[in-house]
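Before I say anything, please take a moment with the sequence and the model on the screen.

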Amino acid sequence: LSERLQNAIGKLRKKGKVSEADVREMMREVRLALLEADVNFTVVKDFVKKVRDRAVGAEVLDSLSPAQQVIKIVNDELTKTMGEAAAPLNKAPHIPTIIMMVGLQGAGKTTTAGKLANYLMKTQKARPLMIAADVYRPAAVDQLKTIGQQLDVPVFDMGTDHDPVDIVKQGMVQADLQKNDYVIIDTAGRLQIDDKLMTELANIENEVHPTEILLTVDAMTGQAATEVAEGFNKRLNITGVVLTKLDGDTRGGAALSIREVTGKPIKFTGQGEKLDQLDVFYPDRMANRILGMGDMLSLIEKAQTDYDEKQAQEMADKIKENSFDFNDFLDQMDQIQNMGPIDEIMKMIPGMANNPAMKNMNIQPKDLDHIKAIVYSMTPQERENPDLLNASRKRRLAGGSGRPVQEVNRVIKQFDTSKKMMQQMSKGNMSGMEQMLGN
Ligand code: GDP
Ligand code: MG
């Protein structure tokens with residue numbers, strides 16, 4: 001797939017200017033890439049048309065080649081279509097905020113209910129209550145209770161002999177008594193959308209008017225995800241989507257389709273079976289994944305080597321001058337992630353090139369994503385002046401990045417430490433970069 005894209009880009013790069021025909025050819029490849037990523041056919045058609053209209057006649061920025069300009073437009077549109085920025089969870093004006101999980105059987109509702117409880121406790125010190133309203137399989141109630149025990153979160157259940165609406169009503173009474181600030185309702189699913197299921201869910205909705213109705217969709221279901229999303233969205237006031245099982249090898253085209261057909265934001269992604277494997281959804285990263293943007297970016301990177309070298313030198317200078325701030329930190333993360341020349345930067349620091357510590361650097365892409373999410377949540381002022389980061393700002397960063405506040409503290413501390421270490425490094429000892437990354 002991305003090989004094909006690269007070939008197409010290769011062709012474009014040899015020419016000085018993008019003609020209409022070039023754009024058309026490029027878009028043919030993009031179209032195939034999207035289809036291979038399991039984006040819905042109609043969505044692909046619309047998207048390609050939109051991008052083609054924008055790309056033809058677009059001015060090529062000085063710093064980019066025509067091919068890069070096209071890539072940038074494709075990437076920008078893809079990101080924009082999926083919602084630009086991460087969409088936070090809504091909060092009710094008074095407690096409890098009610099989150100209702102809906103979706104087909106096996107989509108990951110029960111697991112995600114637990115993940116959300118965990119996330120809310122970590123990020124907001126929340127005291128959630130979970131309600132077991134899937135009465136069709138005894139195992140479903142037990143599954144939620146087990147998750148509750150693991151997390152130390154109370155689970156309200158009435159077994160499987162009651163009407164789900166009654167169970168939810170009773171559960172709400174308990175939440176009021178115990179002053180739970182969040183209620184997470186786990187509901188039943190079917191293998192297919194059917195009317196009885198929809199009516200039951202609509203009844204629950206009408207009874208408690210949830211703050212959030214989160215449609216849980218298995219990303220691995222590809223094309224089918226679109227119909228499922230459409231079906232649920234017609235009958236319920238869906239407020240957001242959780243795309244699960246993105247740890248699998250799907251490219252995640254469902255994200256684009258679902259967003260297009262429902263217009264509802266994807267709020268979280270499931271990245272595994274464990275209860276902490278929930279991530280805030282970032283449209284820009286998803287765009288990369290769907291298009292195989294990593295390869296394209298490294299291509300752009302190659303064309304920019306000269307520029308990068310200059311940047312690396314500037315970074316090294318900044319470190320020496322001690323004016324390194326979170327913006328530089330972020331730049332550095334980007335460079336690392338784009339196969340960037342982190343060791344090149346290090347080598348520019350006198351005494352580092354032959355330092356044995358250089359050989360032992362172990363950088364996990366996931367760590368970098370988390371660190372970036374935290375830094376992205378900072379205001380420009382905070383990035384330039386990390387001293388502004390008091391306790392309440394740190395809590396906001398935790399909320400914004402979907403990372404625990406402890407981790408925010410750790411990143412800031414690592415940043416401080418690494419800044420000091422880098423100072424020393426520039427005088428010839430130690431690897432502060434490792435400390436910065438928490439390894
Ligand atoms: P429900 O029927 O919608 O409640 O789905 P469950 O929560 O019971 O999940 C169905 C299966 O999918 C279980 O085996 C989960 O462990 C698994 N699962 C849920 N979310 C994820 C995820 O993000 N990644 C992976 N790999 N498995 C998941
Ligand atoms: Mg379930």
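I will go through the sheet, then one of its strands, then the core, and finally the ligand shell.

A word on conventions: this is a predicted model, in which local features need pLDDT of at least 70 and side-chain atom pairs count only at pLDDT 80 or more, while totals for chains, interfaces and linings use all residues. Residues are numbered from 1 along each chain as its sequence is written, and chains are lettered from A and ligands numbered from 1 in the order in which they are written.

Let me start with the sheet, which is open and mixed in its pairing, with eight strands in the order β3-β2-β4-β1-β5-β6-β7-β8. Its edges are β3 (155–156) and β8 (278–280), each of which pairs on one side only. Strands here are DSSP runs of E with at least two residues, helices are runs of H or I with at least four, and both are numbered from the N terminus; two strands pair if DSSP finds at least two bridges between them.

Now to β2, residues 128–133, which runs parallel to β3 and is joined to it by two bridges, while six bridges join β2 to β4, also in parallel. On the β3 side, M130 has V155 as its bridge partner, and on the β4 side P128 is partnered by Y182. Six of the six residues of β2 are buried, meaning that 20 or more other C-beta atoms, placed from the backbone, lie within 10 Å of their own. P128, M130 and A132 point one way, and L129, I131 and A133 the other. In general, side chains in a regular strand alternate between the two faces of the sheet.

I131 leads us to the largest nonpolar core, which has 96 residues and in which I131, I184, I185 and V217 have the most contacts. Such a core is a set of buried Ala, Val, Leu, Ile, Met, Phe, Trp, Tyr and Cys residues joined through C-beta atoms within 7 Å. Helix α2 (residues 20–36) contributes its largest share, six residues.

Finally, what surrounds ligand 1? The shell has 17 residues, the closest being G108, K109, T110, T111 and G270, and helix α5 (residues 109–124) gives the most to it, with three residues. By class, the shell has one nonpolar, 12 polar and four charged residues, where Ala, Val, Leu, Ile, Met, Phe, Trp, Tyr, Cys and Pro count as nonpolar, Asp, Glu, Lys and Arg as charged, and the others, Gly among them, as polar. A residue is taken as near the ligand if its C-beta atom, placed from the backbone, lies within 6 Å of it.

Terms used:
Buried ≥ 20, exposed ≤ 12 C-beta atoms within 10 Å, placed from the backbone.
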